[in-house]
Amino acid sequence: MFATCDSGDLTRDDDDSSACQGSLCLLLPANADANANANANTKTKENNMTAPFNLAETDRLLSTTRAVRRRLDLERTVERAVILDCLRLSQQAPTASNTQKWRWMVVTDPGKRRAIGEIYGRGKQFIAQARGEIASDDAQTHRVYDSAEWLFDHIAEVPVLVIPCLEGRLAGDAPNGMAAAFYGSIYPAMWSFQLALRSRGLGSALTTIHLFFEEEVAKLLNIPKDVMQVALLPVGYTKGTDFKVAKRQSVEEIVHFDEWS
Ligand SMILES: Cc1cc2nc3c(=O)[nH]c(=O)nc-3n(C[C@H](O)[C@H](O)[C@H](O)COP(=O)(O)O)c2cc1C
(Lines give C-alpha, C1' and ligand atoms only; values in the text may rest on other atoms or scores of the structure.)
Protein backbone atom coordinates (compact mmCIF):
# COMPACT_ATOMS: atom_id res chain seq x y z
CA MET A 1 0.00 0.00 0.00
CA PHE A 2 2.41 2.62 1.22
CA ALA A 3 5.96 2.13 0.14
CA THR A 4 7.81 2.58 3.38
CA CYS A 5 11.11 0.90 2.72
CA ASP A 6 12.75 3.88 1.08
CA SER A 7 15.34 5.64 3.11
CA GLY A 8 15.79 9.36 3.44
CA ASP A 9 13.63 12.23 2.29
CA LEU A 10 11.51 10.17 0.07
CA THR A 11 8.20 11.84 -0.54
CA ARG A 12 8.68 15.51 -0.01
CA ASP A 13 5.80 15.92 -2.39
CA ASP A 14 3.94 18.34 -0.29
CA ASP A 15 5.76 20.69 1.89
CA ASP A 16 9.48 20.69 1.51
CA SER A 17 11.10 21.67 -1.72
CA SER A 18 14.61 21.35 -0.29
CA ALA A 19 14.65 17.57 -0.09
CA CYS A 20 17.81 15.93 -1.31
CA GLN A 21 19.03 19.01 -3.06
CA GLY A 22 22.61 18.51 -2.00
CA SER A 23 22.77 14.92 -3.12
CA LEU A 24 20.86 15.38 -6.32
CA CYS A 25 23.84 14.83 -8.55
CA LEU A 26 24.80 11.66 -6.70
CA LEU A 27 21.37 10.19 -7.24
CA LEU A 28 21.11 10.91 -10.90
CA PRO A 29 22.82 8.81 -13.53
CA ALA A 30 26.48 9.63 -13.90
CA ASN A 31 25.93 11.41 -17.17
CA ALA A 32 22.94 13.48 -16.11
CA ASP A 33 22.86 17.07 -15.01
CA ALA A 34 19.38 17.89 -13.83
CA ASN A 35 19.96 21.61 -13.94
CA ALA A 36 21.45 21.75 -17.35
CA ASN A 37 19.50 23.08 -20.25
CA ALA A 38 21.11 20.67 -22.62
CA ASN A 39 20.66 20.31 -26.33
CA ALA A 40 18.38 17.64 -27.72
CA ASN A 41 21.38 15.62 -28.82
CA THR A 42 23.25 14.99 -25.58
CA LYS A 43 26.69 13.44 -25.72
CA THR A 44 27.12 11.03 -22.83
CA LYS A 45 30.41 11.33 -20.98
CA GLU A 46 30.93 7.59 -20.72
CA ASN A 47 30.72 6.31 -24.24
CA ASN A 48 30.77 9.48 -26.24
CA MET A 49 27.66 8.32 -28.08
CA THR A 50 24.95 10.75 -29.01
CA ALA A 51 21.79 10.17 -26.97
CA PRO A 52 18.57 10.48 -28.92
CA PHE A 53 16.91 12.50 -26.14
CA ASN A 54 17.72 15.48 -24.02
CA LEU A 55 18.99 13.50 -21.05
CA ALA A 56 18.93 16.43 -18.67
CA GLU A 57 15.21 16.77 -19.18
CA THR A 58 14.23 13.10 -19.34
CA ASP A 59 16.37 12.27 -16.28
CA ARG A 60 14.83 15.17 -14.37
CA LEU A 61 11.36 13.93 -15.26
CA LEU A 62 12.18 10.37 -14.19
CA SER A 63 13.86 11.38 -10.95
CA THR A 64 11.44 14.04 -9.73
CA THR A 65 8.04 12.50 -10.40
CA ARG A 66 6.86 12.13 -6.80
CA ALA A 67 3.65 10.99 -5.17
CA VAL A 68 1.86 14.34 -4.90
CA ARG A 69 -0.95 14.82 -2.44
CA ARG A 70 -0.89 18.06 -0.44
CA ARG A 71 0.55 20.03 -3.32
CA LEU A 72 -2.34 19.21 -5.64
CA ASP A 73 -4.17 22.39 -6.57
CA LEU A 74 -7.74 21.71 -5.50
CA GLU A 75 -9.03 24.94 -7.04
CA ARG A 76 -7.74 24.62 -10.58
CA THR A 77 -9.86 22.83 -13.15
CA VAL A 78 -8.18 20.09 -15.16
CA GLU A 79 -9.15 20.07 -18.81
CA ARG A 80 -10.48 16.79 -20.19
CA ALA A 81 -8.11 17.17 -23.17
CA VAL A 82 -5.01 17.03 -20.98
CA ILE A 83 -6.23 13.83 -19.32
CA LEU A 84 -6.89 12.31 -22.72
CA ASP A 85 -3.45 13.37 -24.00
CA CYS A 86 -1.76 11.70 -21.02
CA LEU A 87 -3.85 8.54 -21.36
CA ARG A 88 -3.10 8.44 -25.08
CA LEU A 89 0.60 8.49 -24.25
CA SER A 90 0.10 5.78 -21.64
CA GLN A 91 -1.29 3.50 -24.35
CA GLN A 92 2.24 3.19 -25.71
CA ALA A 93 3.20 1.17 -22.64
CA PRO A 94 3.75 -2.58 -22.93
CA THR A 95 1.15 -5.23 -22.07
CA ALA A 96 1.55 -9.00 -21.76
CA SER A 97 0.88 -10.64 -25.14
CA ASN A 98 -0.12 -7.21 -26.39
CA THR A 99 -3.51 -7.69 -24.71
CA GLN A 100 -4.19 -3.99 -24.11
CA LYS A 101 -7.05 -4.78 -21.77
CA TRP A 102 -6.60 -1.55 -19.91
CA ARG A 103 -9.66 0.55 -19.21
CA TRP A 104 -9.68 3.92 -17.48
CA MET A 105 -12.46 5.33 -15.35
CA VAL A 106 -12.12 9.10 -15.08
CA VAL A 107 -14.28 10.70 -12.39
CA THR A 108 -14.86 14.44 -12.29
CA ASP A 109 -18.49 14.63 -11.12
CA PRO A 110 -18.43 16.29 -7.67
CA GLY A 111 -21.17 14.03 -6.25
CA LYS A 112 -19.35 10.89 -7.35
CA ARG A 113 -16.03 12.20 -6.06
CA ARG A 114 -17.70 12.84 -2.71
CA ALA A 115 -19.06 9.31 -2.64
CA ILE A 116 -15.65 7.88 -3.54
CA GLY A 117 -14.14 10.12 -0.87
CA GLU A 118 -16.38 8.56 1.76
CA ILE A 119 -15.37 5.06 0.68
CA TYR A 120 -11.68 5.96 0.37
CA GLY A 121 -11.74 7.61 3.79
CA ARG A 122 -12.45 4.28 5.42
CA GLY A 123 -8.89 3.26 4.56
CA LYS A 124 -7.73 5.61 7.29
CA GLN A 125 -8.06 2.75 9.75
CA PHE A 126 -5.08 1.06 8.06
CA ILE A 127 -2.81 4.03 8.69
CA ALA A 128 -2.87 3.71 12.45
CA GLN A 129 -2.03 0.04 12.09
CA ALA A 130 0.78 0.74 9.61
CA ARG A 131 2.23 3.51 11.78
CA GLY A 132 2.43 1.06 14.64
CA GLU A 133 4.79 -1.07 12.58
CA ILE A 134 7.41 1.60 11.94
CA ALA A 135 9.97 3.08 14.31
CA SER A 136 8.84 6.27 16.05
CA ASP A 137 12.03 8.04 14.92
CA ASP A 138 11.50 7.15 11.25
CA ALA A 139 10.56 10.70 10.36
CA GLN A 140 10.45 10.17 6.62
CA THR A 141 7.92 7.37 6.76
CA HIS A 142 5.81 9.23 9.27
CA ARG A 143 5.79 12.13 6.82
CA VAL A 144 4.47 9.81 4.12
CA TYR A 145 1.69 8.77 6.46
CA ASP A 146 0.94 12.40 7.35
CA SER A 147 0.57 13.10 3.67
CA ALA A 148 -1.52 9.98 3.07
CA GLU A 149 -3.77 10.94 5.98
CA TRP A 150 -4.32 14.34 4.45
CA LEU A 151 -5.47 12.61 1.27
CA PHE A 152 -8.08 10.59 3.16
CA ASP A 153 -9.69 13.85 4.24
CA HIS A 154 -9.38 15.70 0.93
CA ILE A 155 -9.57 13.21 -1.91
CA ALA A 156 -13.11 14.27 -2.84
CA GLU A 157 -11.80 17.79 -3.47
CA VAL A 158 -9.17 16.65 -5.96
CA PRO A 159 -10.43 17.69 -9.42
CA VAL A 160 -9.99 14.33 -11.15
CA LEU A 161 -9.95 10.78 -9.81
CA VAL A 162 -8.60 8.26 -12.30
CA ILE A 163 -9.17 4.55 -11.72
CA PRO A 164 -7.07 2.31 -13.97
CA CYS A 165 -8.82 -1.01 -14.58
CA LEU A 166 -8.17 -4.26 -16.41
CA GLU A 167 -10.72 -6.37 -18.22
CA GLY A 168 -10.87 -9.77 -16.56
CA ARG A 169 -10.30 -10.79 -12.96
CA LEU A 170 -7.19 -12.30 -11.49
CA ALA A 171 -7.94 -15.47 -9.53
CA GLY A 172 -6.94 -15.30 -5.87
CA ASP A 173 -4.68 -18.35 -6.26
CA ALA A 174 -3.13 -17.25 -9.57
CA PRO A 175 0.51 -18.32 -9.93
CA ASN A 176 3.18 -15.66 -9.82
CA GLY A 177 3.62 -15.67 -13.60
CA MET A 178 -0.03 -14.95 -14.17
CA ALA A 179 -0.23 -12.26 -11.51
CA ALA A 180 2.88 -10.58 -12.94
CA ALA A 181 1.43 -10.60 -16.45
CA PHE A 182 -1.89 -9.25 -15.18
CA TYR A 183 -0.70 -6.34 -13.07
CA GLY A 184 2.26 -5.81 -15.38
CA SER A 185 -0.20 -5.01 -18.14
CA ILE A 186 -1.35 -1.83 -16.46
CA TYR A 187 1.41 -0.62 -14.11
CA PRO A 188 3.74 0.57 -16.89
CA ALA A 189 0.83 2.51 -18.41
CA MET A 190 -0.04 4.00 -15.04
CA TRP A 191 3.51 5.23 -14.61
CA SER A 192 3.60 6.61 -18.17
CA PHE A 193 0.38 8.45 -17.38
CA GLN A 194 1.94 9.90 -14.23
CA LEU A 195 5.07 10.97 -16.10
CA ALA A 196 2.98 12.58 -18.83
CA LEU A 197 1.02 14.45 -16.17
CA ARG A 198 4.18 15.65 -14.47
CA SER A 199 5.64 16.93 -17.71
CA ARG A 200 2.50 19.06 -18.16
CA GLY A 201 2.51 20.57 -14.67
CA LEU A 202 0.08 18.12 -13.11
CA GLY A 203 0.66 15.63 -10.33
CA SER A 204 -0.80 12.44 -8.97
CA ALA A 205 -0.25 9.73 -6.40
CA LEU A 206 -0.63 6.04 -7.05
CA THR A 207 -2.98 4.70 -4.38
CA THR A 208 -4.39 1.24 -3.84
CA ILE A 209 -6.17 1.47 -0.52
CA HIS A 210 -9.68 1.81 -1.95
CA LEU A 211 -9.32 -1.67 -3.45
CA PHE A 212 -10.32 -3.04 -0.06
CA PHE A 213 -13.69 -1.51 -0.89
CA GLU A 214 -13.53 -2.13 -4.64
CA GLU A 215 -17.05 -3.51 -4.93
CA GLU A 216 -18.65 -0.40 -3.51
CA VAL A 217 -16.80 1.83 -5.96
CA ALA A 218 -17.73 -0.54 -8.80
CA LYS A 219 -21.39 -0.24 -7.83
CA LEU A 220 -21.21 3.53 -7.65
CA LEU A 221 -19.62 3.83 -11.09
CA ASN A 222 -21.35 0.91 -12.74
CA ILE A 223 -18.07 -0.92 -13.38
CA PRO A 224 -18.84 -4.48 -14.55
CA LYS A 225 -17.94 -7.41 -12.29
CA ASP A 226 -15.42 -8.80 -14.77
CA VAL A 227 -13.44 -5.56 -14.78
CA MET A 228 -10.84 -5.29 -12.05
CA GLN A 229 -9.87 -1.95 -10.53
CA VAL A 230 -6.13 -1.72 -10.00
CA ALA A 231 -5.51 1.65 -8.36
CA LEU A 232 -6.85 5.16 -7.89
CA LEU A 233 -4.92 8.22 -8.97
CA PRO A 234 -6.00 11.62 -7.65
CA VAL A 235 -4.97 14.09 -10.35
CA GLY A 236 -4.61 17.86 -10.36
CA TYR A 237 -2.30 20.66 -11.33
CA THR A 238 0.50 20.98 -8.81
CA LYS A 239 1.26 24.00 -6.67
CA GLY A 240 4.67 24.77 -8.10
CA THR A 241 6.63 22.31 -10.17
CA ASP A 242 9.90 22.10 -8.25
CA PHE A 243 9.78 18.53 -7.04
CA LYS A 244 12.98 16.99 -5.82
CA VAL A 245 14.95 13.83 -6.26
CA ALA A 246 14.16 11.41 -3.41
CA LYS A 247 16.91 9.78 -1.44
CA ARG A 248 17.18 6.08 -2.19
CA GLN A 249 19.63 3.29 -1.42
CA SER A 250 22.75 3.38 -3.55
CA VAL A 251 22.21 1.34 -6.69
CA GLU A 252 25.22 -0.82 -5.92
CA GLU A 253 23.46 -2.10 -2.80
CA ILE A 254 20.49 -3.44 -4.73
CA VAL A 255 22.04 -4.76 -7.93
CA HIS A 256 23.66 -8.17 -8.45
CA PHE A 257 25.70 -8.93 -11.53
CA ASP A 258 25.86 -12.53 -12.74
CA GLU A 259 25.43 -13.99 -9.24
CA TRP A 260 23.39 -13.13 -6.12
CA SER A 261 26.07 -12.25 -3.62
C1 LIG B 1 1.76 -0.15 -5.29
C2 LIG B 1 1.69 1.18 -4.58
C3 LIG B 1 0.63 1.43 -3.74
C4 LIG B 1 0.50 2.66 -3.09
N5 LIG B 1 -0.59 2.91 -2.31
C6 LIG B 1 -0.77 4.13 -1.76
C7 LIG B 1 -1.98 4.44 -1.06
O8 LIG B 1 -2.88 3.61 -0.93
N9 LIG B 1 -2.10 5.70 -0.56
C10 LIG B 1 -1.14 6.65 -0.73
O11 LIG B 1 -1.32 7.78 -0.26
N12 LIG B 1 0.03 6.38 -1.38
C13 LIG B 1 0.22 5.15 -1.90
N14 LIG B 1 1.37 4.87 -2.63
C15 LIG B 1 2.38 5.94 -2.81
C16 LIG B 1 3.62 5.68 -1.96
O17 LIG B 1 3.37 5.96 -0.62
C18 LIG B 1 4.79 6.53 -2.49
O19 LIG B 1 5.02 6.19 -3.83
C20 LIG B 1 6.05 6.32 -1.68
O21 LIG B 1 5.88 6.82 -0.40
C22 LIG B 1 7.27 6.93 -2.32
O23 LIG B 1 7.07 8.28 -2.58
P24 LIG B 1 7.42 8.92 -4.01
O25 LIG B 1 6.56 8.19 -5.00
O26 LIG B 1 7.10 10.36 -3.88
O27 LIG B 1 8.87 8.69 -4.25
C28 LIG B 1 1.51 3.66 -3.28
C29 LIG B 1 2.57 3.39 -4.14
C30 LIG B 1 2.66 2.19 -4.80
C31 LIG B 1 3.82 1.94 -5.74
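Okay, so let's start with helix α5, residues 124-132, and helix α6, residues 139-154: they pack at an angle of about 170 degrees, and their axes sit 10 Å apart. Keep in mind, this is a predicted model. Anything over 145 counts as roughly antiparallel, and therefore that's what we call α5 and α6 relative to each other. As for handedness, α5 goes past α6 in a left-handed crossing.

So which residues of α5 and α6 make the contact? From α5 we have K124, I127, A130 and R131, and from α6 we have Y145, A148, E149 and F152. If you sort the residues of that contact by type, you get five nonpolar and three charged, with no polar ones.

Right, on to the other pair. Here we're looking at helix α3, residues 80-90, and helix α8, residues 187-198. Their axes come within 8 Å, and they cross at roughly 135 degrees. That angle makes α3 oblique to α8. And the handedness here? α3 passes α8 in a right-handed crossing.

Who's touching whom? On the α3 side, the contact is made by C86, L87, L89 and S90. Over on α8, the residues are A189, S192, F193, A196 and L197.

Definitions and conventions. Residues are numbered from 1 along each chain as its sequence is written. This is a predicted model: local features need pLDDT of at least 70, side-chain atom pairs count only at pLDDT 80 or more; totals for chains, interfaces and linings use all residues. Axes are lines fitted to C-alpha atoms, for helices over the stretch in contact, and angles run from 0 to 180 degrees between N-to-C directions. Helices (H or I, at least four residues) and strands (E, at least two) are DSSP runs, numbered from the N terminus. Angles under 35 degrees count as roughly parallel, over 145 as roughly antiparallel, 65 to 115 as roughly perpendicular and the rest as oblique. A crossing is left-handed if the near helix is turned anticlockwise from the far one by less than a right angle, and right-handed if clockwise. Two residues are in contact if their C-beta atoms, placed from the backbone, lie within 7 Å. Ala, Val, Leu, Ile, Met, Phe, Trp, Tyr, Cys and Pro count as nonpolar, Asp, Glu, Lys and Arg as charged, and the others, Gly among them, as polar.
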